[in-house]
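The following note sets out numbered points on the model shown below.

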Amino acid sequence: MTINPKNIDEVKMWNEFRGGNHTAFTQIYQNYVSLLYNYSTSITPDRELIKDCLHDLFVELWKNHKNLGETTSIRYYLMASIKRKLVRHLETVQRHSQHHEAYYLENPDYTGSHEHRLVAFEEEKQLSENLNESFRFLTKRQKEAVSLKFFQDMDTDQISSAMNINPQSVYNLIFGALKILKERISQEKLSLA
């Protein structure tokens, strides 16, 4: 049974977990893994990578529980941890990709990869254009909320303060905006097919 994270004493649970209490660790996992998964999809669409990083995060947490510091918010601690892990992995992948790209540029005999990169570049360019075009269909407030959430990396409470609206309104604006963007991009794909 999952307990609503708002109804738990996070400091007590975290300290019990740090002391080696496996039940506290299990509760932390059950209470936060879905939230972390959903949050991670805003960082990368790679669901397998997200699952791998979440698995690694919780294995490392248990392995290092005695050495972890205190926290007053398990949620923010875990969100920061999974974000660091995903970003590090994505940066490593990007470095490898750049290394391979440099190799292929230095070895022009390898034509298959060049063609593949051109197609991928065109697809990415088209998606970017579709996304920019889709932003025209958002209200000014939706654009502001999406920008703060995804480009300024603010959480709901920070957006709520910045826009002077309640957190539920933030959720509504972002959810509505994402729904519109998804519909517009889907329509663009259909019209190109």
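Predicted model: local features only at pLDDT ≥ 70, side-chain atom pairs only at ≥ 80, totals over all residues.

1. K51 and E48 are three residues apart in helix α3, and are therefore separated by about one helical turn. They form a salt bridge whose closest N and O atoms are 3.6 Å apart; the term denotes a side-chain nitrogen of Lys or Arg within 4 Å of a carboxyl oxygen of Asp or Glu. Helices (H or I, at least four residues) and strands (E, at least two) are DSSP runs, numbered from the N terminus. K51 counts as partly exposed at 44% relative accessibility, and E48 is likewise partly exposed, at 49%. Here buried means under 20% relative accessible area, exposed means over 50%, and partly exposed lies in between (1.4 Å probe, protein chains only).

2. Residues are numbered from 1 along each chain as its sequence is written, and side-chain values use heavy atoms, with hydrogens and water left out.

3. The salt bridge count comes to five. One of them joins E16 to K12, with the closest N and O atoms 3.8 Å apart. Both residues lie in helix α1, four residues apart, about one turn of the helix. E16 is partly exposed, at 34% relative accessibility.

4. Which parts of the chain does the salt bridge between K83 and D153 tie together? The side chains of K83 and D153 meet at 1.8 Å, N to O. K83 lies in helix α4 and D153 in the loop between α6 (140–151) and α7 (156–163), so the pair connects parts 70 residues apart in sequence. K83 is partly exposed with a relative accessible area of 26%, and D153 is partly exposed with 41%.

5. On overall architecture, the secondary structure comprises eight helices and zero strands. Of the 193 residues, 28% are buried. Contacts (heavy atoms within 4.5 Å) with a separation of 6 or more were also considered: 65% of them are between residues 24 or more positions apart. The accessible surface comes to about 13200 Å², of which 53% belongs to carbon and sulfur atoms; such areas come from the Shrake-Rupley method with a 1.4 Å probe, and for residues only the protein chains shown count as cover.

6. The largest nonpolar core has 24 residues, and those with the most contacts inside it are F17, I28, L36, F58, L61, L78 and I82. Such a core is a set of buried Ala, Val, Leu, Ile, Met, Phe, Trp, Tyr and Cys residues joined through side-chain atoms within 4.5 Å. Helices α1 (10–18), α2 (22–40), α3 (47–63) and α4 (74–106) each supply at least two residues of this core. Apart from this core lies another, of eight residues, among them A145, L148, L173 and I174.

7. I28 illustrates the packing. Leaving aside residues up to four places away in sequence, I28 touches M13, W14, F17, F58, I74 and L78.

8. Seven aromatic pairs are counted. Rings of Phe, Tyr and Trp (its six-membered ring) pair if their centres lie within 6.5 Å; planes under 30 degrees apart count as stacked, over 60 as edge-to-face and the rest as tilted. The rings of F17 and F25 are stacked, because their centres are 5.5 Å apart and their planes stand at 25°. F17 is buried at 1% relative accessibility, and F25 is buried at 12%. F25 also forms an edge-to-face pair with F58, at 6.2 Å centre to centre and 65° between the planes. This pair links distant parts of the chain, F25 in helix α2 and F58 in helix α3, 33 residues apart. F58 is buried as well, at 5% relative accessibility. Ring pairs link W14, F17, F25, Y29, F58, W62 and Y77 into a cluster.

9. At the surface, F150, F151 and L178 form a nonpolar patch with about 300 Å² of accessible area together. Patches are made of residues with over 30% relative accessible area and no salt bridge, like charges being joined within 9 Å and nonpolar side chains (Val, Leu, Ile, Met, Phe, Trp, Tyr) within 5 Å. L178 lies in helix α8 (residues 167–192) and is partly exposed at 40% relative accessibility.
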